[in-house]
Amino acid sequence: MYPEGVPCWIDVQLPDVEAGKRFYGELFGWTFKVAPGDGAHEVWAYLPAASPTPSGGPASSGGPTPVGAPEPGTEGSAPSDAPLAPVAALVPKPDGRMPTVWTPHFATPDAVALTARLRAAGGQVITTPTPVGDLGVAALATDPEGAVFGLWQAGTHPGFGRRHEPGTFAWAELYTRDTKAANTFYAHLFHDALFGPDADPDFGRAAVTEVFPAEMPPHFLVHFGTEDCEAALDVVTRLGGRVQVPPFETSYGNVAVVTDNQGASFALLQRRAGDDWREAPQEEDQEEQIPDDLRLEGDEGREDEG
């Protein structure tokens, strides 16, 4: 099980799941199966449970092609006895007016208690905690600025079977208009995961205007790992996606923002060797905040509530 506050799952709502399977299957080497207990709607994406040396690389695919895997992106194409690890979900949009978007889900041992704390801190609950068979309990919420994220209380499905590798979840960045308020809100919810003594966060906060126009609403941007950002961008454009923001340097690696062939935005992250986590400055003239400073902000918020 993932500790509370750790991103443990991601999904994307798409108008055409079959087209999504073709796009992400070729980009990341994913194979797909119908989600457990879901009939023929949501599908889960998988990579081999082991971590084999890729037989193909970004030069040809933009992501890993696992050893022994057949043509990527085809449902049921992996050998029946091959152990597979879930990495993401593709979900058909129930309403065409809903956004086509990737959403991160944060782990919690008690979704009901967390949503109560979330409301008290100024967030809103879109979907109250709802059992998903024996897989777990899901909820959907927003922070005080309206950025949408999910909560997941694990049952038989703990979340990612693989992460922090090429073709899997690598980072979640919140683009917000008020980074200090965001730090206080999320430190209140997920203090130990972000700022605790054993924290190894893969969730950051940045000002919207650092990458996006000021009118862009606050939102989470899911990052996928890649070994070669430029080569992966070539594959994205060949598959009908587009480059939204060309590669730029961040405190956590080299990042490019793209959209898939249906308009869902995500980022490609090429890590630098030996990087340690740090919080990027929010303004050009602002001194960099280090985790200890942010931990104090979170502690103050918790003390105020107490």
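Analyst: Go ahead. Keep in mind that this is a predicted model.

User: Start with β11 and β9. In which sense do they pair, and over how many bridges?
Analyst: They are antiparallel, with 6 bridges between β11 and strand β9, residues 169–176. Within that pairing, Trp-171 has His-223 of β11 as its bridge partner.

User: What does β11 do with β14?
Analyst: β11 pairs with β14 (residues 265–270) in the parallel sense, over 3 bridges. His-223 stands opposite Ala-267 of β14, and Gly-225 has Leu-269 of β14 as its bridge partner. His-223 therefore turns up in both pairings, facing Trp-171 and Ala-267, given that strands of a sheet pair through backbone hydrogen bonds, either parallel or antiparallel.

User: Which side chains go which way?
Analyst: His-219, Leu-221, His-223 and Gly-225 point one way, while Phe-220, Val-222 and Phe-224 point the other way. Residues of both groups are buried.

User: Zoom out. What is the strand order in the sheet?
Analyst: The order is β10-β9-β11-β14-β13-β12, an open sheet of 6 strands with mixed pairing. Its edge strands are β10 (203–207) and β12 (242–250), each pairing on one side only. From one strand to the next, the twist averages 25°.

User: Now helices. Which strands does α1 lie across?
Analyst: Helix α1, residues 17–28, lies across β11 and β14. Its direction is at about 5° to β14.

User: And α3, which strands does that one lie across?
Analyst: Helix α3 (residues 179–195) lies across β9, β10 and β11, and runs at about 175° to β10.

User: What about Cys-8, buried or exposed?
Analyst: Cys-8 counts as buried because its relative accessibility is 0%, below the 20% cut-off.

User: And Cys-229, buried or exposed?
Analyst: Cys-229 is buried too, because its relative accessible area is 1%, again under 20%.

Notes:
Residues numbered from 1 in each chain as written. Predicted model: local features only at pLDDT ≥ 70, side-chain atom pairs only at ≥ 80, totals over all residues. Heavy atoms only, no water. Buried < 20%, exposed > 50% of the residue type's maximum accessible area, 1.4 Å probe, protein only. Helix = DSSP H or I, 4+ residues; strand = E, 2+ residues; numbered from the N terminus. Pairing = 2+ DSSP bridges. Axes fitted to C-alpha atoms, helices over the stretch in contact; angles between N-to-C directions. Contact = heavy atoms within 4.5 Å.
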